[in-house]
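Reader: I've got a chain open on my screen and I'd like to talk it through with you. Can we go question by question?

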Amino acid sequence: MRGWAEGKKVTGRVLTHADMNAHNTFEQPEKVKSQVFDGVTEFSENGLSAKLPPMSVVVLTLA
């Protein structure tokens, strides 16, 4: 992460559900929805570490 000035931050969104077979349907369109991801455990010029939930999709934004 060289070049990132101090004070920069990482934000994220995660798409996951406790039931790995869960899915959205016309009857339940919000069963699986994105939510704020707060699993970044370390962010420095040496790299980034995060704890990802199983069976998830995570999008991180470096700002």
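Reader: Let's start at leucine 62. Which strand is it in?
Author: Keep in mind that this is a predicted model. The strands here are numbered from the N terminus. Leucine 62 has its place in strand β5.

Reader: And is leucine 62 buried, exposed or partly exposed?
Author: Buried would need under 20% relative accessible area, and exposed would need over 50%. Leucine 62 has 33% relative accessibility, so it counts as partly exposed.

Reader: How far apart in space are leucine 62 and lysine 9, C-alpha to C-alpha?
Author: In sequence, leucine 62 and lysine 9 are 53 residues apart. In space, going C-alpha to C-alpha, the distance is 6.1 Å.

Reader: Okay, zoom out for me. What pattern does the chain follow along the sequence?
Author: Start with the counts: the chain has zero helices and five strands. Reading along the sequence, you get β-β-β-β-β.

Reader: Over how many bridges do β1 and β5 pair?
Author: β1 covers residues 10-15, while β5 covers residues 57-62. The two strands pair in the antiparallel sense. The number of bridges is six.

Reader: Which residue of β2 is the bridge partner of arginine 13?
Author: β1 also pairs with β2, in the antiparallel sense and over three bridges. On the β5 side, arginine 13 stands opposite valine 59. In β2, the bridge partner of arginine 13 is valine 36.

Reader: What about β3 and β4: through how many residues does the hairpin join them?
Author: β3 is residues 40-44, and it pairs with β4 in the antiparallel sense over four bridges. One of the pairs puts glutamate 42 with serine 49 of β4. The hairpin that joins β3 to β4 runs through two residues.

Reader: Which residue has its backbone nitrogen 2.9 Å from a polar side-chain atom of threonine 25?
Author: Threonine 25 is in the loop between β1 and β2. With 26% relative accessibility, it counts as partly exposed. The backbone nitrogen 2.9 Å from a polar atom of its side chain belongs to glutamine 28.

Reader: On to the surface. How much accessible area do Leu15, Val57 and Val59 have together?
Author: Valine 59 has its place in strand β5. Leu15, Val57 and Val59 form a nonpolar patch on the surface. Together their accessible area is about 250 Å².

Reader: Last one, on the whole chain: what percentage of its residues count as buried?
Author: The chain exposes about 5,200 Å², with carbon and sulfur atoms supplying 53% of it. Among contacts with a separation of 6 or more, residues 24 or more positions apart account for 49%. Of the 63 residues, the share that counts as buried is 13%.

Note on methods
Residues numbered from 1 in each chain as written. Predicted model: local features only at pLDDT ≥ 70, side-chain atom pairs only at ≥ 80, totals over all residues. Heavy atoms only, no water. Patch = residues over 30% accessible without salt bridge, like charges linked within 9 Å, V, L, I, M, F, W, Y side chains within 5 Å. Areas by Shrake-Rupley, 256 points an atom, 1.4 Å probe, with all protein chains shown as cover. Salt bridge = Lys/Arg side-chain N within 4 Å of Asp/Glu carboxyl O. Buried < 20%, exposed > 50% of the residue type's maximum accessible area, 1.4 Å probe, protein only. Contact = heavy atoms within 4.5 Å. Polar contact = N/O pair within 3.5 Å; in protein donor to acceptor, adjacent residues only side chain to side chain. Pairing = 2+ DSSP bridges.
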